[in-house]
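Me: Please take a close look at one part of this structure, the aromatic rings and what surrounds them. Give the cut-offs with each term.

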Amino acid sequence: MGKSEEALSKEASESMEKNTGEEKPKEIIVDTEETEAAALFENHKAFACANSKIEFVTGTSAYDIYPGDIGIIAALGDSCSTGYGLWDSLPHEYRGATFSHGGDATLDDLITMPNILKEFNSNLTGASHGMGTSSELPAYQLNIAKTGAKTADLPAQAEELVNRLLHSQANDFKEQWVMVVITIGSEEMCTTCQTPNIDDIKSTLDFLRENIPKAFVVIVGPVNYWSHFLKMTSNLRGRCPCFKKLTEAQIESLNKEWRKVCADLEQEYNTESSTFGVVAVPVISMPSDTSTDLLLSKSVHLSLKGHKYATKFLWNRLMTGRSYNVSSSPYKDALLCPYLDCPYFRTTLNGRNCQTVKYSEVTTTLPPETTTRSGRRRQTKMSLYITAGAVVALSFCTVLIVGTVLYRMMHHEDSRMGA
């Protein structure tokens with residue numbers, strides 16, 4: 001059975017009291033509005049998607065990754081993946097409840113990316129559980145993120161991830177798709193007012209591509225908190241000191257520059273035949289007209305409600321691609337199932353022209369070298385034509401040989417009778 005939010009909060013309080021010997025923190029009260037808002041999300045009871053792997057050939061390249069193809073999940077980056085300060089009264093890391101990597105409870109009680117993926121593949125591994133830093137939790141929990149991390153820290157985090165994969169997932173990770181969620185920019189841009197360093201990001205991606213045979217990397221940029229009645233910058237000026245020094249135009253220029261970085265990364269690292277794919281989501285767009293409780297007070301750290309929202313935002317973005325737009329009431333947006341006519345994570349490769357291959361279209365599962373997307377359907381038909389031609393040719397040869405043998409036998413018999 002999954003643990004409720006109250007149980008998780010109580011467990012966190014008891015854990016902190018036991019581990020630190022400090023005075024027991026004040027009681028954590030789960031906001032009833034938060035509970036009601038969470039109920040508006042589609043959860044396990046209503047989130048039942050068709051199993052497209054039965055019908056479609058999937059997971060042959062970065063083009064056709066289905067959620068059920070993901071066997072291992074990992075996380076790199078900053079506090080968005082460490083769960084720092086999930087509750088205001090506990091300024092510690094609760095990795096088991098983060099949107100990007102939390103594996104505590106079930107989808108009924110905790111809406112996170114791993115808990116959604118488990119609905120498609122119950123054997124998913126690597127997710128985080130409980131509280132603690134990366135070094136305090138078991139190595140098989142593949143959350144290498146660090147509170148306060150910047151893009152300069154990503155290459156070292158990537159090396160640590162690969163080291164853990166080699167030692168804890170050695171028998172599996174080379175054959176399975178690994179989803180690596182990289183959350184970066186919220187703290188870095190808030191303190192420096194500069195875009196994350198693209199060279200450090202590229203170095204990280206290059207290392208992951210060289211060392212993880214089948215990797216799907218999801219880069220998630222900083223929090224973008226805006227309102228229909230207030231400009232986005234108005235909601236961040238009180239949280240980011242350096243933003244106070246910038247004009248609206250300068251902040252907008254910063255956002256545009258970062259969006260271009262994300263677009264360039266997707267363009268450079270996505271190729272049709274590759275088993276390495278990248279989706280770069282520039283910002284976690286958070287609209288709210290009534291409150292700012294998606295973030296902790298006076299910071300850009302996500303609250304528990306913020307992590308739930310970020311899960312929904314990221315998941316639906318992966319299901320629909322760049323066309324996804326959040327509503328003015330984000331909690332009312334349901335979790336989306338993969339499209340029946342294109343059940344893949346949407347990337348720059350399949351975002352506009354999605355082609356699929358069904359098992360019914362092929363006599364056997366296509367080998368990897370024939371499943372690239374340029375002319376995929378054409379190659380499938382060509383293989384059928386070749387097979388049909390071979391059958392016709394073989395039949396013709398058989399008839400010719402048998403006919404020749406029978407003709408000679410009859411000719412020989414006529415010669416004997418004539419003699």
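Reply: **Aromatic pairs and a helix**

Phe47 has a relative accessibility of 5% and therefore counts as buried (under 20% relative accessible area; exposed is over 50%, partly exposed lies in between, with a 1.4 Å probe and protein chains only). The model is predicted, so local features need pLDDT of at least 70 and side-chain atom pairs count only at pLDDT 80 or more, while totals for chains, interfaces and linings use all residues. Residues are numbered from 1 along each chain as its sequence is written, and side-chain values use heavy atoms, leaving out hydrogens and water.

There are nine aromatic pairs in the structure. For a pair, ring centres of Phe, Tyr or Trp (its six-membered ring) lie within 6.5 Å; planes under 30 degrees apart are stacked, over 60 edge-to-face, and the rest tilted. Phe47 pairs edge-to-face with Phe120, at 6.1 Å centre to centre and 75° between the planes. This pair joins distant parts of the chain, 73 residues apart: Phe47 sits in the loop between helix 2 (32–39) and strand 1 (70–77), and Phe120 in the loop between helix 4 (113–117) and helix 5 (154–168). Helices (H or I, at least four residues) and strands (E, at least two) are DSSP runs, numbered from the N terminus. Phe120 also counts as buried, at 18% relative accessibility.

A second pair, Tyr309 and Phe313, is tilted because its ring centres are 6.3 Å apart and its planes at 35°. Both residues lie in helix 10 (residues 304–320), four residues apart, so about one helical turn separates them. Tyr309 and Phe313 are both buried. Ring pairs also link Phe47, Tyr66, Phe120, Phe216, Trp315 and Phe345 into a cluster.

The loop between helix 4 and helix 5 also holds Asn123, which counts as exposed at 59% relative accessibility. The C-alpha of Asn123 is 9.4 Å from that of Ile70, 53 residues away along the chain.

Helix 7 (residues 198–211) gives another case of burial. Its buried residues are Ile201, Thr204, Leu205 and Leu208. They lie on the same side of helix 7 because they cover an arc of only 95° around the axis (the arc of the directions from the helix axis to the C-beta atoms). On the other side of helix 7, Asp199 and Glu210 are exposed. The buried residues of helix 7 pack against strand 1, helix 5, strand 2 (177–183), strand 3 (215–220), helix 9 (248–269) and strand 5 (276–281), where contact means heavy atoms within 4.5 Å.
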